[in-house]
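Biologist: Can you walk me through this one? I have not looked at it before.

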Amino acid sequence: MMIGKKIVESVRKRKVAMNPVVLAYDSFRVSCYATTTRTSCQHHHRPVSLSVFQFQNPNFLTGNTIFLKMQRFCSVSGISKNKAMVESLQHFGVITSSKVSQVMETVDRALFVPTGSSPYDDSPMAIGYNATISAPHMHATCLHLLEDNLQPGMHALDIGSGTGYLTACFALMVGPQGCAVGVEHIPELVSLAKENIQKSAAATQFKDGSLSVHVGDGREGWPEFAPYDAIHVGAAAPEIPQPLIDQLKPGGRMVIPVGNIFQDLKVVDRNSDGSISVRTETSVRYVPLTSREAQLRGY
Ligand SMILES: C[S@@+](CC[C@H](N)C(=O)[O-])C[C@H]1O[C@@H](n2cnc3c(N)ncnc32)[C@H](O)[C@@H]1O
């Protein structure tokens, strides 16, 4: 409990405590919804206080706020359709863009989660190999942040592509004239992603080659299709890998969680003069961007 108090204090100091949506998180290990700095969400919700945090395991934050309410809402009303999940995210102010809702409606999350799990719960889920599929609100947040850089014809890179869900969303947004590339360092997950994608609305683009998924160390990026308009990193890096910065086009944007225990979702923009701007979007909790060996032995 002491450790829990220290974590709350630290969260407070970082000013992530008092507004409604988010500490968006990805991983099972910290199942805490806390706060966000996303102004687009703020007017949709009443603020929640840090008292909602619970510490079931002193090492990790757990607790609930708006999203746990949403999960309850989902199960109470028997929501079982992808469209209804998207509508819930809209209702709670997580999705505010028609493009994001359209692509999340088109790519059925059920095709990407393990059999037997509840595909439409707003929760990350284990996919094996110490990896997870991120929660729907996290996918929505990253799609929002990258939306302008996912226009038809653009190049998008999805590092730590896991199940292939976001890579499929990117492919539909950039279209067949664009290019969506997934990079994942667990070969079995790359095979799984390819199977998932071939069942999804992005199957045609996988066939025509505008969507591809590769085995590789995402910290090196994927130079073959660089430079990229959009780069998404689905695992937390101790610092922003230089090769990823190098592969960002002028005008391009990268969204990447950075940190260890405390992580921030960073938005990295390459300006038209080539300079780099970095800002923090919100606090998050992701699995680490690491070596395959470290991941398989549990980090
Ligand atoms: C939280 S999962 C996200 C998966 C994906 N975004 C999704 O929602 O299905 C993070 C992924 O990053 C992968 N990963 C971690 N370190 C990596 C690295 N160095 N290179 C490539 N992939 C990595 C993990 O194997 C895992 O699949």
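Biologist: What kind of model is it, and how are residues numbered?

Modeller: It is a predicted model, in which local features need pLDDT of at least 70, side-chain atom pairs count only at pLDDT 80 or more, and totals for chains, interfaces and linings use all residues. Residues are numbered from 1 along each chain as its sequence is written.

Biologist: How many helices and strands does the chain have?

Modeller: The chain has 11 helices and 12 strands. Both are DSSP runs numbered from the N terminus, helices being H or I with at least four residues and strands E with at least two.

Biologist: And what share of the chain is buried?

Modeller: Of the 299 residues in the chain, 49% are buried. A residue is buried if 20 or more other C-beta atoms lie within 10 Å of its own, exposed if 12 or fewer, and partly exposed in between, with C-beta atoms placed from the backbone.

Biologist: OK, helices. How do α5 and α6 pack?

Modeller: Helix α5, residues 98-106, packs on helix α6, residues 136-146, at an angle of about 135°, and their axes are 9 Å apart. Axes are lines fitted to C-alpha atoms, for helices over the stretch in contact, and angles run from 0 to 180 degrees between N-to-C directions. α5 and α6 are therefore oblique to each other. Angles under 35 degrees count as roughly parallel, over 145 as roughly antiparallel, 65 to 115 as roughly perpendicular and the rest as oblique.

Biologist: Which residues meet there?

Modeller: On the α5 side they are V100, V103 and M104, and on the α6 side A140, L143 and H144. By class, the contact of α5 with α6 has 5 nonpolar residues, 1 polar and no charged. Ala, Val, Leu, Ile, Met, Phe, Trp, Tyr, Cys and Pro count as nonpolar, Asp, Glu, Lys and Arg as charged, and the others, Gly among them, as polar.

Biologist: Is α6 mostly covered or mostly open?

Modeller: Mostly covered, as 10 of the 11 residues of α6 are buried. Among them are P136, C142 and L146.

Biologist: What about α4 against α5?

Modeller: Helix α4, residues 82-91, packs on α5 at about 155°, with the axes 8 Å apart. So α4 and α5 are roughly antiparallel to each other. N82, K83, V86 and Q90 of α4 make the contact with S101, M104 and E105 of α5. The residues of this contact of α4 with α5 are 2 nonpolar, 3 polar and 2 charged.

Biologist: And α5 with α7?

Modeller: α5 and α7 pack at about 120°, with their axes 10 Å apart. That angle makes α5 oblique to α7. K99, V103, M104 and T106 of α5 meet C169, L172 and M173 of α7. This contact of α5 with α7 has 5 nonpolar, 1 polar and 1 charged residues.

Biologist: Switching to the ligand. What surrounds it?

Modeller: There are 27 residues around the ligand, and the closest are A131, G160, G162, G218 and G234. A residue is near a molecule if its C-beta atom, placed from the backbone, lies within 6 Å of it. The shell around the ligand holds 12 nonpolar, 11 polar and 4 charged residues.

Biologist: Which element gives the most to that shell?

Modeller: β5 does, with 3 residues. β5 (131-133), α7 (165-174) and β7 (179-184) each supply at least two residues of the shell.

Biologist: Last one: where is A236, and is it buried or exposed?

Modeller: A236 is in the loop between β9 (228-233) and α10 (242-246). A236 is buried, because 25 other C-beta atoms lie within 10 Å. Not counting residues up to four places away in sequence, A236 touches P257, V258, G259, Q263, Y286, P288 and L289.

Key: Two residues are in contact if their C-beta atoms, placed from the backbone, lie within 7 Å.
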